[in-house]
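Have a look at the sequence and the 3D view first, then work through the points below.

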Amino acid sequence: MHAWRPVEVPTIPATPGAYGLPDEVSLVTTDARRLVPVGPQQGVAGLYVCGITPYDATHIGHAFTYVSFDVLNRVWRDLGLTVQYAQNVTDVDDPLLERAEQTGEDWKELATSQIDLFRSDMEALRVIPPDWYVPATAIIDEVVDLIEQLRAAGSIYQVDDPRYPDWYFRAAQAPGFGEVSHLNRAQMLGEFAEHGGDPDRPGKEDALDCLVWRMERSGEPAWDSSLGRGRPGWHIECTAIALNRLGRDFSVQAGGRDLAFPHHEMCAAEAVVATGEPFAQSYAHVGMVSLDGQKMSKSLGNLELVSRLVNQGMDPMTVRLALLAQHYRDDWEWMPSLAESAQRRLDAWRAAVHAPTGTAAEPTLADVRYGLRTDLDTPMALAVIDEWSSAVLAGEGSDEAAPGQMAAAIDALLGVTL
Ligand code: 5CA
Ligand code: ZN
């Protein structure tokens with residue numbers, strides 16, 4: 001298994017409730033479409049953030065996803081919750097196999113090298129590692145067991161194709177289908193075609209039925225199973241990994257907005273049919289990061305890579321601050337000027353937390369916590385810290401503890417070391 005080194009998170013004192021601070025985190029979730037509390041009042045919060053398909057290095061869009069939900073993780077911890085965090089690696093799927101084929105690389109070596117690069121990028125960005133980081137190829141047995149549960153429920157069938165009788169799941173018949181993404185059928189069909197689905201596959205009962213087990217094709221990796229020799233479809237991998245680690249009804253499944261449909265809708269549908277219970281309580285998605293006017297994506301090739309920026313000498317904390325300056329639900333465009341302003345902010349904050357004295361940390365931290373607990377408003381949190389740091393740099397405040405308290409809190413809550 002690929003190790004992902006732990007990140008030290010300083011313990012900071014809680015701010016007393018004197019500022020009308022909410023005692024829970026709320027997000028505008030994709031399923032509720034309004035601000036709702038996520039995670040329990042106390043105990044364990046379960047987080048599943050969909051992981052990479054490891055065929056190209058971590059770009060700013062990926063980093064935005066993992067840094068945004070790292071803030072959720074930190075804010076939950078700050079509320080005293082225990083966070084159980086699981087993430088997958090889609091290390092067997094069409095795009096990875098296609099890339100390996102094009103470049104003549106072994107698909108496993110390609111995946112391993114890209115997973116290593118991703119992990120080192122995440123470490124540089126101080127993303128707290130998941131408790132479980134699980135490649136799909138390591139849990140084929142779990143996938144098959146889950147598909148067998150769907151079979152027992154009478155919800156899968158083989159397409160009428162004598163060469164490749166692949167197994168499909170009757171997704172649209174699942175209770176609550178559509179309640180994650182709120183798309184109408186025409187929109188679903190469009191998104192399905194765009195995001196890894198196959199609405200036009202002949203022999204399917206319904207265009208929205210999703211692949212759960214693909215029979216072996218020559219030259220493709222395959223595993224023996226009770227369904228025949230083959231490999232898992234995409235969605236079922238995340239359903240199995242989440243259910244078997246976080247249990248049913250865990251707090252949040254997360255990812256980029258491109259995953260709302262079909263991916264998260266299909267995961268929810270598979271889980272409810274297999275277990276009779278809801279999958280995640282909430283589904284949260286970050287906006288899409290673009291470059292040169294188009295969504296940053298491996299398939300289009302318009303990428304800004306975290307590793308490239310860092311190799312060019314950019315401080316990883318500058319990259320992190322540039323990401324935190326955007327609200328997680330917004331779509332935005334990467335441009336070098338964002339890194340320049342993040343660098344100026346980092347320099348100012350560094351100077352302020354190394355000043356001998358400053359204004360009291362507590363009211364500022366109450367505002368930071370208020371912003372973060374209210375739909376992860378990182379831009380507000382950054383603005384509040386800017387005000388504190390400007391005051392300090394203007395020579396205000398005689399509190400000797402404040403600079404150190406602010407440094408520890410900025411590290412704990414925002415993951416930025418100064
Ligand atoms: N392996 C699947 C998830 S199970 C997958 O989507 N992999 S990925 O490598 O394509 O993307 C990894 C994560 O980054 C996903 O959560 C995806 O939604 C997110 N992501 C990809 N591109 C962008 C982008 N341009 N902006 C924001 N998030 C993005
Ligand atoms: Zn996933």
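Start with ligand 1: a backbone N or O atom of Met 296 lies 2.9 Å from one of its nitrogen atoms. The protein covers 94% of the 600 Å² of accessible area that ligand 1 has on its own. Keep in mind that this is a predicted model.

**Around the ligand**

- Ligand 1 is surrounded by 24 residues, and the closest are Gly 51, Thr 90, Gly 256, Asp 258 and Lys 298.
- Thr 53 uses its side chain here: a polar atom of that side chain lies 2.9 Å from a nitrogen atom of ligand 1.
- With Gly 61 it's the backbone again, as an N or O atom there lies 3.1 Å from a nitrogen atom of ligand 1.

**Two domains**

- The protein splits into domain 1, covering 17-295, and domain 2, covering 335-414.
- Taken over C-alpha atoms, the centres of domain 1 and domain 2 are 35 Å apart.
- Where the two meet, domain 1 puts 19 residues into the contact and domain 2 puts in 15 residues.

**The nonpolar cores**

- In general, nonpolar side chains tend to be buried together in soluble globular proteins.
- The largest nonpolar core here has 86 residues, and Ile 60, Leu 72, Trp 76 and Trp 334 have the most contacts inside it.
- Helix H1, residues 60-78, gives the most to this core, with 10 residues.
- Where does this core lie relative to domain 1 and domain 2? It lies between them, because both domains give residues to it.

**Buried spots in loops**

- Ala 57 sits in the loop between strand S3 (44-49) and H1. Its relative accessibility is 4%, so Ala 57 counts as buried.
- Ala 57 and Phe 118 are 61 residues apart in sequence, yet their C-alpha atoms are 6.4 Å apart in space.
- Beyond residues up to four places away in sequence, Ala 57 touches His 62, Gln 114, Leu 117, Leu 305 and Ser 307.
- Arg 126 is in the loop between helix H3 (107-124) and strand S5 (132-135). Is Arg 126 buried or exposed? Arg 126 is buried, since its relative accessible area is 17% and the cut-off for buried is under 20%.

- As background, most residues other than glycine have a negative phi, and most peptide bonds are trans.
- The peptide bond from Phe 261 to Pro 262 is cis, with omega near 0°, and Pro 262 is part of helix H7, residues 260-275.
- His 182 has a positive phi, near 60°. You'll find His 182 in the loop between strand S7 (167-169) and helix H5 (185-194), where its relative accessible area of 29% makes it partly exposed.
- Leu 376 has a positive phi as well, near 45°. Leu 376 is in the loop between H11 and helix H12 (378-393), and at 2% relative accessibility it counts as buried.

**A look at helix H11**

- Asp 367 lies in helix H11, residues 361-373, and counts as partly exposed at 36% relative accessibility.
- Asp 367 and Ala 381 are 14 residues apart along the chain, with 7.1 Å between their C-alpha atoms.
- Not counting residues up to four places away in sequence, Asp 367 touches Met 380 and Val 384.

Definitions and conventions: Residues numbered from 1 in each chain as written. Chains lettered and ligands numbered in written order. Predicted model: local features only at pLDDT ≥ 70, side-chain atom pairs only at ≥ 80, totals over all residues. Heavy atoms only, no water. Core = buried A, V, L, I, M, F, W, Y, C linked by side-chain atoms within 4.5 Å. Buried < 20%, exposed > 50% of the residue type's maximum accessible area, 1.4 Å probe, protein only. Helix = DSSP H or I, 4+ residues; strand = E, 2+ residues; numbered from the N terminus. Domains from an automatic or database assignment. Near = heavy atom within 4 Å. Polar contact = N/O pair within 3.5 Å; in protein donor to acceptor, adjacent residues only side chain to side chain. Areas by Shrake-Rupley, 256 points an atom, 1.4 Å probe, with all protein chains shown as cover. Contact = heavy atoms within 4.5 Å.
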